[in-house]
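Please open the structure in your viewer and keep the selection tool at hand. This tour goes from one selection to the next and says what is to be found at each stop.

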Amino acid sequence: MPKKSTSLQTRKSSTKTHAPVAVLYLYAISRMPEQTATDIAAEGIDGAAPVEAIRCGSYLCWVSHVSKADFADQISERMQDLEWLATAGLRHQHVVAEISSKFPTLPARFGTIFVSGESLAKHMKQRGRSLRDAFQLVADADEWGVKVFVVAAPKAQPTKAAATGSEYLKRKADLLQPRTAGKLDKDVQTFVSSLKKLAIAHSIGGKASAGQPGLVWHGSFLIRRKDRKKLDAVLQKYAAQWKDVRRIDCSGPWPPYSFVGNHAD
Amino acid sequence: MPTEASSQALTIEGENETSLLDILDHVLNSGVVIHGSLVISLAGVDLVYLGLNVILTSVETALRNMNAHEFATASQVRRSV
């Protein structure tokens, strides 16, 4: 069994009267391994707090004790700070990736906070059935990210300079706007369909890179590990077919972020 | 659960910009949602890309100075095919 935290890092250097209130930041949930949980080397979400394992029923919840002020009260403001967002996002991924390399794991949604271990345990108990279903869905599978870019010469842009600032911004926004599914080239639709047939599940889009220039389509696929070579075969086939017209980027394997929760919003 | 795929030592190719965007694509607004917990949503997609493009260098520098991890884990690969 992993050792529970014996002291909160945020409390070590603080007096009792001015101790900041700590909350639990959840990274991931693992099935209770038979062996003892190992230490996680990756740094915590705030760059200071260690990553700890808390047992909740038959699961291990991986958490850090972080400042309530920073991660709960002011989280909306924090999310507007893209440098903070990028750094915290990277830390979240590094922790989840390390845990996933050791145990069957469900990644938690970025920014999931609990006020106490008791609160976490209560919510985990309520989610028992759906957690089992999620573990079953992603068993022996990985998430892969796929992007299709146009590499052909772009259409000629208007040569006339924008008359107003708002016109300039509109043109800029149009350039960055990813094409919608309805406008997808038939070849790209066929490519995506091939990947869908191969995958257990798929998820279209991704928040951060949606505005990347030249991006035609992007999404994630949940692929059984035994089907990895089939994925490679589809990618190679279309890469050869498209050559100088389109480029395919593939990243992974990722923990199954896109397939373990309800992301309707 | 080390897997065949994740245990392979693969190299990261391409620009770190894309690696960072890839990470945030997967991390933000996805993952298990536990009822009752704080959930954050992210708006302004295009602005996020533009903003990340601008701050990328400073984030990368900060992480390297902190002797932090590489952008992607050693088991991951990003490739153009």
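This is a predicted model: local features need pLDDT of at least 70, side-chain atom pairs count only at pLDDT 80 or more; totals for chains, interfaces and linings use all residues.

A search of the whole structure finds 13 salt bridges over all chains, and the tour visits some of them.

Begin by selecting A:Arg91 together with A:Glu43, which form a salt bridge whose closest N and O atoms are 3.1 Å apart. Because A:Arg91 belongs to helix α4 (residues 82-100) of chain A while A:Glu43 sits in the loop between β1 (22-31) and β2 (52-56) of that chain, the pair ties together parts that are 48 residues apart in sequence. If you colour by accessibility, A:Arg91 counts as buried at 12% relative accessibility, whereas A:Glu43 is partly exposed, with a relative accessible area of 21%.

Next, select A:Asp185 and A:Arg246, whose side chains meet in a salt bridge at 3.2 Å, N to O. This pair links distant parts of the chain, 61 residues apart, with A:Asp185 in the loop between α7 (165-176) and α8 (186-198) of chain A and A:Arg246 in strand β9 (residues 246-254) of chain A. Here A:Asp185 is partly exposed, with a relative accessible area of 34%, and A:Arg246 is buried, with a relative accessible area of 10%.

Now move to helix α9 (residues 228-242) of chain A, where A:Asp232 and A:Arg228 are four residues apart and so are separated by about one helical turn. These two residues form a salt bridge as well, the closest N and O atoms being 3.8 Å apart, and A:Arg228 is buried, with a relative accessible area of 14%.

To find the largest cavity, select A:Gly145, A:Lys147, A:Gly219, B:Asp25 and B:His26, which lie nearest its centre among the 15 residues that line it. Sorted by class, the lining of the largest cavity has eight polar, five charged and two nonpolar residues.

Conventions: Residues are numbered from 1 along each chain as its sequence is written. Chains are lettered from A and ligands numbered from 1 in the order in which they are written. Side-chain values use heavy atoms; hydrogens and water are left out. A salt bridge is a side-chain nitrogen of Lys or Arg within 4 Å of a carboxyl oxygen of Asp or Glu. Helices (H or I, at least four residues) and strands (E, at least two) are DSSP runs, numbered from the N terminus. Buried means under 20% relative accessible area, exposed over 50%, partly exposed in between (1.4 Å probe, protein chains only). On a 1 Å grid over the protein atoms alone, a cavity is a set of points where a 1.4 Å probe fits but cannot get out, and a pocket is an open set with protein on both sides within 12 Å along at least five of seven lines; lining residues have an atom within 4 Å of a point. Ala, Val, Leu, Ile, Met, Phe, Trp, Tyr, Cys and Pro count as nonpolar, Asp, Glu, Lys and Arg as charged, and the others, Gly among them, as polar.
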